[in-house]
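The sequence and the model follow.

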Amino acid sequence: MGEIDGIFDTSRKTLEEIEQRLEMPRREFLQFCATLAVTMGLPSGAEAAVAKAIEAAKRPSVIWLHFQECTGCSESLLRAEHPTLEKLILDVISLDYHETLMAAAGHQAEAARKAAMKANKGKYVLVVEGAIPTKNNGIYCKIGGQTAIDMVKECAADAAAVIAIGSCASWGGMPSTIPSISGADSSPTGSAGVAEVLGKPVVTIPGCPPNPYNFLATVVHFLTFGKLPEVDKLGRPKFAYSRLIHENCERRAHFDAGRFAMQFGDPGHRQGYCLYKLGCKGPETYANCSTLGFGDAGENNWPVGCGHPCIGCTEKGVGFQKPIHQVAKMLNVTPPLQYPRIVEEQGKAASFASAAAVAAVAGAAAGAAIMLTRNLGLSHAAEEAERAKDAGGSGKRASVAKAGE
Amino acid sequence: MANHQHAAPAPVGGSLVNIVTLSCGVLIALMAAILVVRFLFGLGAVTNLNDGYPWGIWIAVDVVIGSAFACGGFSVAMLVYIFNKGEYHPLVRPALLASLFGYTLAGAGVIFDLGRWWNVWNMFWPGSINPNSVMFEVAVCITLYIVVMWIEFSPVVLEKLGKEDARKKVSKAMFFIIALGTVLPMMHQSSLGTLLVVMGGQVHPLWQTPALPLLYLLSAIFMGYAVVLFESCLTSTAYRRKLEMQMLTPMAKIMLGILAVFIVVRLGDVIVRGALPKAFAPSVEALMFWLEMACFIAPLVLIGAEANRRNPARLFLAGILLMLGGALMRLSGFLIGYETGGDFNYFPTLAEVLVTAGLFAVEVLGYIIITRRFPVLPREDVQAAH
């Protein structure tokens, strides 16, 4: 709690500083930190640690390499509509080398990379975007005369952490797809992921492109706790990739109820039914797309939300490999044998029989009550009369009445 | 209590076959037949329940109203054991018997109403319980109370069977059981009101209030006394016994006291929340509200005066009116003033009505059999000789 109190202490100098540095109000900054903490599934109080880490302005040097890719990962990160996200990316980290964003060019750029690596030896974060061609010693992708293989090995050697962003860097992604021609046993350039080239596991943030928050949360986790988040066996952070898309899908109720879109534009598709039969790979793809809105443009802004089946881009062996409209393999759920009705009965008005039965019960009860009341009244009157008759004497009734009182 | 000498309870005796028990038997047979269909083909086969009205009369009447009617045991036990009014002791056993049946059948009613009743054990399974649920509180509390009441009633059975030793052993723990038997109904009777609070705006403003738990508890207590008035007058008349006026008259005064507090809270709450204008709108709900209020206020007029409380006819009528008022309040909250939107509609089917009637028949039949064969009511000849 102490840390949280510290955060909300408005007189604290660092907060003023961060307001200026990030050009964002304190409230928005704390909301951002809380969002990240929640994304990572951290316990309460972690947002304070996150805020402190970002405030501290110990911006780690980040070297960002591009290989066989479309720059979609970088684009998605920069095109995030959240007003200050790009600001944060550029300000939380010190992006010392990024081929798309840096102003420098040619040998000047390569010199900047080498200088940053030297100055932050063992402390910088290496981010790799794109697959690495391995066929023919990797001659299919060269930067400054250096092959992608050499470059990634050189940069990874002294890096504190290596993060592979996007499906291409994670396992090869689309460039690694084997063409359907006879005799082909690999993609034309032998594209591979970072882990394969380095021969050691790295953190992967697959997706085409991945949700920027998943990347950002991983970096902030590193900043906050000095280590990378817990990952699954494919190197994906568990906070984002431990659940099937299908499990939390907004169309899941339609799946359970057996309501499927059978083709694009049919009545079911127009009503937002489940896309399973159009080949949605949600049931075999691990990612948080269904719970974390993409690109800050609001919820529903993801393939399934827009009416297109998930292609499984975060899942090796599914995305870019299985045909888009091939029906997914169910990993943990099979549809029920029985489905609830689509049209729900609204209930019927009183039938003659039931209304008569209710009336009969009420009538019988009322009649019995009246009769009984009348009898009780009559016996009371009789008793009173007898009591009056006995009054004054030592009648048995009176003594009983007295004893009773 | 030592200074109160009462006639020991004794079986009433007599034949078990008469027009009332036979009628009960017919109703029970009808219920059994409907329940066979219900359990084989599901709720949809016999009820009018739907997504808008998932609770019908099996819950609103059998459970909510039924358990309130069964508060006689708790109300009288509270009077005798908590407030140490030993003079009411002879009322305890018959009241407890009625409560016992009321609650046990309410528990059965819940099972009838559960769509997937075979999952009911989850309610008590530590791994599947949800301790934050109001329904869980009600379910566990009622179940526990049913068990507690059977223990409270066990001396009657043990006496009949002549197991004196066992009876003495049970008696030693009885103070604890009786305490539990007073606390538990207070918990779940108020929680039955909380059930409606949870339903929020679906309940008409005349019945939706944060004070519902208090209202349900207070009304359950006076309904308990009302049921005792009803039950005692009915039993005395049916068995041609002397009316227990020496106990009923002062008890009615206590009942009126609680009723007065209740009316103040009920009306005060409606006024404070600004819901009173709704009571003057031309609607079924407004009509039900005034019917209910009339049932609550009429007893004050009927038996407000001490002399009138000596008249069994007035006591009996007041008891019926209060039972009816409390029942209407519950029925309005759970069904009549309950609206989920859309075109949803509910009226019980003939089958639902027959099952409810059958449950009440079980209660009446059970009461007759047990009072005739077990020592529940005070021995009449001793009193007459007195």
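How many helices and strands does the secondary structure of chain A come to? The model, which is predicted, gives chain A 17 helices and 9 strands. Chain A has 405 residues, of which 37% count as buried. Where contacts in chain A link residues at least 6 apart in sequence, 70% of them join residues at least 24 apart.

| Helix | Residues |
|---|---|
| H1(B) | 19-41 |
| H3(B) | 57-69 |
| H5(B) | 92-113 |

Helix H1(B) consists of 23 residues and spans 33 Å from its first C-alpha to its last, close to the 33 Å expected at 1.5 Å a residue. Its buried residues are B:Cys24, B:Leu27, B:Met31, B:Ile34 and B:Arg38. An α-helix has 3.6 residues a turn, so residues three or four places apart point the same way. The buried residues of H1(B) pack against H2, H5 and H13 of chain B. Just after H1(B), B:Gly42 adopts a positive phi of about 95 degrees.

Helix H5(B) also takes part in a pairing with H3(B): their axes come within 8 Å and cross at roughly 165 degrees. H3(B) is therefore roughly antiparallel to H5(B), and the crossing is left-handed. On the H3(B) side, the contact includes B:Trp58, B:Ile59 and B:Val63, while residues of H5(B) that take part include B:Tyr103, B:Leu105 and B:Phe112. The residues of this contact divide into 9 nonpolar, 4 polar and 2 charged.

Key: Residues are numbered from 1 along each chain as its sequence is written. Chains are lettered from A and ligands numbered from 1 in the order in which they are written. This is a predicted model: local features need pLDDT of at least 70, side-chain atom pairs count only at pLDDT 80 or more; totals for chains, interfaces and linings use all residues. Axes are lines fitted to C-alpha atoms, for helices over the stretch in contact, and angles run from 0 to 180 degrees between N-to-C directions. Helices (H or I, at least four residues) and strands (E, at least two) are DSSP runs, numbered from the N terminus. Angles under 35 degrees count as roughly parallel, over 145 as roughly antiparallel, 65 to 115 as roughly perpendicular and the rest as oblique. A crossing is left-handed if the near helix is turned anticlockwise from the far one by less than a right angle, and right-handed if clockwise. Two residues are in contact if their C-beta atoms, placed from the backbone, lie within 7 Å. Ala, Val, Leu, Ile, Met, Phe, Trp, Tyr, Cys and Pro count as nonpolar, Asp, Glu, Lys and Arg as charged, and the others, Gly among them, as polar. The expected span of a helix is 1.5 Å times one less than its number of residues. A residue is buried if 20 or more other C-beta atoms lie within 10 Å of its own, exposed if 12 or fewer, and partly exposed in between; C-beta atoms are placed from the backbone.
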